[in-house]
Every structure is written in C-alpha cells, then in structure tokens.
Amino acid sequence: MMMVVMMVVMVVIVVVMVVMMMVVVVMVVVMMVVMVVVMVVIMVLMVMVMMVVMMVVVMMVVMVVVMVVVMMVVMVAIVVVMMVVMVMMMMVVMKRNLCSSRSDKCQEEEEEEEEEEEKKRKGKRNTSAGTSFLIWDVGGQEKIRPLWRSYTRCTDGIVFVVDSVDLERLEEARCELYKTAKLPENAQVPILVLANKQDLPGAKDPLEVERLLGIAELGNTHLWHIQPACAITGEGLDDALEHLYDMIHKQRRLAKTSKKRPR
C-alpha cells in the first residue's frame with residue numbers, strides 16, 4: 001500500500017514538474033515573441049526617422065541651392081543695373097561736357113537764331129530806346145485766363161497790368177499772378193508789374209501795390225519790377241520797357257553764367 005501511495009505521489013510530482021516546465025517554455029516563447037515584435041517596431045521607427053531626417057536634409061539642401069541661385073541672379077541683376085546707370089551717367093556727363101565746351105560764338109549764334117524765330121511770330125511791336133519787343137496782348141477776363149499759359153510759354157518776360165485803384169481786383173490779381181509765376185515753364189521769367197491808373201485819386205503807390213500783390217513771396221526765383229504808369233497819358237511806359245529790357249538781359253546773363261559754371 002505504501003508503495004502505491006509513493007508511486008502516486010511521484011507521478012503527481014512529475015506531472016507538476018512537466019506542467020511547470022511547459023509554463024516556463026510558454027513564457028520564454030512569449031517573451032521572445034514580444035522581444036522580436038519590439039525589435040521590429042523599433043527598427044521600423046528607426047527607418048521612418050531616418051527617412052524623415054533624409055527628407056529634411058534633402059529639403060534643406062534644395063532650399064540652400066535655391067537661395068544661392070536667387071542670390072546669384074539678384075547680384076547679377078544689381079551689377080547689370082549699376083552698369084547701365086553708370087553708362088547713362090557717363091553719357092549725361094559727356095553730353096554736359098560737350099554742351100559746356102561750346103564756344104561763346106556758337107552760343108551767340110544760337111541766341112540770334114532764336115531771336116530771328118521770335119521775330120517771325122505774329123504780334124504787335126513796341127519800341128523803346130531803340131529796343132524792339134514782340135508783345136502778345138491778352139485780356140484779363142476770367143474766361144480768357146486759362147489761355148494765358150499758351151502765351152507765356154517760351155517767353156522772355158511777363159508784363160502784368162493791374163488796376164492800382166481797385167483793391168478787390170488787386171487781391172484777385174495777386175492770386176492770378178502767383179499762379180502764373182509758379183508755372184514750370186515760367187520759372188525764372190522776369191515779371192514787370194504795371195500799376196495802372198496812377199492819375200486817379202486813391203491810386204496805390206508801387207510799395208503799396210507790392211505789398212498787396214505779395215510779389216516778394218516769389219523770392220529769388222524771378223526778377224521783378226513794379227512801375228507806376230498811366231495808360232491814357234503813356235506816363236511810365238517807356239521806363240517800364242527799359243526795366244523789362246534790363247531784367248531780360250540780366251536773366252540771360254545769369255542763364256549763360258550757370259551754363260558755363262563747371263559741374
């Protein structure tokens with residue numbers, strides 16, 4: 001009986017040991033499978049990371065190449081523009097040098113030709129102290145004023161006639177005179193202001209007319225003179241034309257001096 005019991009116990013022990021061994025084997029297999037899966041996942045992740053890194057590197061290389069190409073194109077464009085500007089500046093300087101190197105004789109001939117062309121234009125001629133003027137007489141009505149610009153273009157002088165008695169008209173004349181003088185084509189053109197109707201009571205003297213017209217606001221951009229006159233008697237007209245003649249020639253001398261001045 002004892003032998004049977006011992007055999008049963010031994011069988012149970014063997015069975016338990018076999019079961020334990022099987023459990024251990026299963027656990028080992030499971031652990032190995034888990035390790036393999038983990039390793040595979042890690043390898044896949046590493047491959048993906050490497051691919052991402054490679055893509056980033058490739059993109060950076062492409063961006064660097066594009067930036068270098070763009071910078072080279074910009075630099076080439078800047079160099080070309082600078083060369084064009086330098087060539088244009090050299091051409092301008094050469095042209096100015098050629099113009100400034102003209103002799104006085106050539107300049108006088110050009111001035112004579114211009115005077116001949118002016119003489120061919122239609123108009124009225126007045127003569128004072130042996131000087132001939134080609135004068136365009138335009139009205140002062142408001143609807144005619146926009147046409148003044150056509151007559152003052154390429155002129156040597158402007159004669160502006162005002163009523164030295166009518167204060168309201170003087171204020172209006174001030175605005176029109178300022179607009180006419182500030183036109184680009186009238187820059188540096190001498191201005192003669194005739195303060196008419198000096199024979200009437202209440203006529204303003206030249207200093208008062210100067211103040212009312214604000215002609216001093218023109219500054220040094222124009223030579224100007226205010227001449228008291230009377231259109232009925234002709235008083236002051238000869239002196240006015242003498243002043244106009246002097247201002248025109250002074251302005252021409254100034255222009256000639258500025259042309260001869262070295263740049």
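Predicted model: local features only at pLDDT ≥ 70, side-chain atom pairs only at ≥ 80, totals over all residues.
1. Overall layout. The protein chain has six helices and five strands. Their order along the sequence is α-α-β-β-α-β-α-β-α-β-α. The chain holds 263 residues, and 17% of them count as buried.

2. Helix 5, buried side. Look at helix 5, residues 206-213. Its residues Val-209, Leu-212 and Leu-213 are buried. Viewed down the helix axis, the buried residues of helix 5 fall within an arc of 90°, so they line one face.

3. Helix 5, the other side. Which exposed residues does the face turned away from the buried side carry? They are Leu-207 and Arg-211. Arg-211 counts as exposed because its relative accessibility is 53%, and the cut-off is over 50%.

4. Glu-208 is partly exposed, at a relative accessible area of 25%.

5. The structure holds nine salt bridges.

6. Asp-156 with Arg-252. This salt bridge has its closest N and O atoms 3.1 Å apart. The pair links distant parts of the chain, 96 residues apart. Asp-156 lies in the loop between helix 3 (148-152) and strand 3 (158-163), while Arg-252 belongs to helix 6 (residues 237-260). Both ends are partly exposed: Asp-156 has a relative accessible area of 38%, and Arg-252 has 28%.

7. Glu-217 with Arg-174. Here the closest N and O atoms of the salt bridge are 2.6 Å apart. Glu-217 is in the loop between helix 5 and strand 5 (224-228), and Arg-174 is in helix 4, so the pair ties together parts 43 residues apart in sequence. Glu-217 is partly exposed at 48% relative accessibility. Arg-174 is partly exposed too, with a relative accessible area of 25%.

8. Negative patch. Which residues gather in a patch of negative charge on the surface? Asp-199, Glu-235, Asp-238 and Asp-239 do. Asp-199 lies in the loop between strand 4 (191-196) and helix 5. Its relative accessibility is 45%, so Asp-199 counts as partly exposed.

9. Backbone points to check. Most residues other than glycine have a negative phi. Gln-188 is not a glycine, yet its phi is positive, about 65°. Gln-188 is found in the loop between helix 4 (167-181) and strand 4. With 48% relative accessibility, Gln-188 counts as partly exposed. Lys-197 also has a positive phi of about 65° without being a glycine. Lys-197 lies in the loop between strand 4 and helix 5. Lys-197 is partly exposed, at a relative accessible area of 33%.

Note on methods: Residues numbered from 1 in each chain as written. Heavy atoms only, no water. Patch = residues over 30% accessible without salt bridge, like charges linked within 9 Å, V, L, I, M, F, W, Y side chains within 5 Å. Areas by Shrake-Rupley, 256 points an atom, 1.4 Å probe, with all protein chains shown as cover. Salt bridge = Lys/Arg side-chain N within 4 Å of Asp/Glu carboxyl O. Lys, Arg positive; Asp, Glu negative; His and termini not counted. Charge placed at Lys NZ, Arg CZ, Asp CG, Glu CD. Helix = DSSP H or I, 4+ residues; strand = E, 2+ residues; numbered from the N terminus. Buried < 20%, exposed > 50% of the residue type's maximum accessible area, 1.4 Å probe, protein only. Arc of directions from axis to C-beta.
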